[in-house]
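Trainee: I'm new to this one. Could you walk me through how to read its main features?

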Amino acid sequence: MNSFGNIFRITLYGESHGKEIGVVVDGCPAGIPLSENDMLTDIERRKTGGYATSTRTESDIPEIRSGIYQGHTTGAPILVAFHNEDFNDEDYNFDGFFRPGHADYAAYKKYNGYNNPLGGGQFSGRMTLPLVAAGCIAKKLIPSIDISAQILPECMANVEKALENNDSAGGIVECRIRNLEAGIGEPLFDSLESLISHAIFSIPGVKAIEFGNGIASASMLGSEYNDCIVSSDGKTATNNCGGINGGISNGNEIVFRTYYHPTPSIAKKQKTFNFNSLKVEDLEIHGRHDTCFALRTPVIVEALVAIVLADLTLISKATRL
């Protein structure tokens, strides 16, 4: 549904062209210093207006409405809201078409046509803004853990090509997690890999995730793949498993890559079915769209990892003597 987490739990609300969007964060311990200013740097990293991104211009100013007293968390749920200001509903009148590659048709069928499709509704990339805000809160709980993500440079050639041809491009974002102690993650369904993957797939456009050399491992021998331990602190000679064994952190650097499909809304004509004429016809999509949405997602990936690690750290503290 719209909630994620066990102890540190987030719930998203709102839609792309609605009055506002936001997040409710429950389970945050009391006494954590927190203000809107703590969120501004990460919010800026996600904003539009940069290279190959949408020209939609939102202030994205966070408003904390509950859960804070005298600059510290109170232990009550924290609500962070953002006003939607710069949207154009007319850009989403497609006269019988559902946009190829978007959730438009699937959502229409799921909600019997009662969903708000403008800007993609609750399936829009705009909904990642409150995720970044929640991630800023989560990072406060795990200050010693270093989480960094970046788009791989080799993706940029496709972005250039897409810009030249009124097309779009996908991308790969690599994330590295350092200083995470061994033993974080729960067996089976709440493994570290399971929960990170679950969270990362909330980002629109994600189609695959790979931990360590996960894909290459299918064609490797065990003698090539195994990460042999070289010291008493669990450090390994290689890191093919990406820092996770049995779904639990092993104390080495965690490495994973997130793969995004190209932005579905493109300026090029596409032949697709028109549900009014009942024919396959040309569709032209206008409006403001990212050429490569993946460019804006490293900070979102970091936020979601922080949310997962904050939750698992709280679980670990509750279950260890």
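**Helices, core and strands**

Mentor: Let's begin with a helix pair: the axes of helix H5 (residues 192-200) and H7 come within 9 Å and cross at roughly 140°. Axes are lines fitted to C-alpha atoms, for helices over the stretch in contact, and angles run from 0 to 180 degrees between N-to-C directions. Helices (H or I, at least four residues) and strands (E, at least two) are DSSP runs, numbered from the N terminus. Keep in mind that this is a predicted model, where local features need pLDDT of at least 70, side-chain atom pairs count only at pLDDT 80 or more, and totals for chains, interfaces and linings use all residues. Residues are numbered from 1 along each chain as its sequence is written, and side-chain values use heavy atoms, with hydrogens and water left out.

Trainee: What do I call the angle between H5 and H7?

Mentor: Angles under 35 degrees count as roughly parallel, over 145 as roughly antiparallel, 65 to 115 as roughly perpendicular and the rest as oblique. H5 and H7 are therefore oblique to each other. On the H5 side, Leu192, Leu195, Ile196, Ala199 and Ile200 make the contact (heavy atoms within 4.5 Å).

Trainee: Which helix packs against H7 at about 45°?

Mentor: That's helix H3 (residues 128-141), with the two axes 7 Å apart. H3 and H7 are therefore oblique to each other as well. Among the H3 residues that meet H7 are Leu131, Gly135 and Ala138.

Trainee: How many residues does the largest nonpolar core have?

Mentor: In soluble globular proteins, nonpolar side chains tend to be buried together. A nonpolar core is a set of buried Ala, Val, Leu, Ile, Met, Phe, Trp, Tyr and Cys residues joined through side-chain atoms within 4.5 Å. Buried means under 20% relative accessible area, exposed over 50%, partly exposed in between (1.4 Å probe, protein chains only). Here the largest core has 71 residues, and Phe8, Ile177 and Val301 have the most contacts inside it. Helix H7 (residues 298-319) gives the largest share, 13 residues. Another core, of six residues, lies apart from it and includes Tyr92 and Phe97.

Trainee: And the strands: which way do S3 and S7 run, parallel or antiparallel?

Mentor: Two strands pair if DSSP finds at least two bridges between them. Strand S3 (residues 20-26) and strand S7 (residues 78-83) run antiparallel, joined by six bridges. Within that pair, isoleucine 21 stands opposite phenylalanine 82. S7 also pairs with strand S4 (residues 63-66), in the antiparallel sense, over three bridges. There, serine 66 has leucine 79 as its bridge partner.
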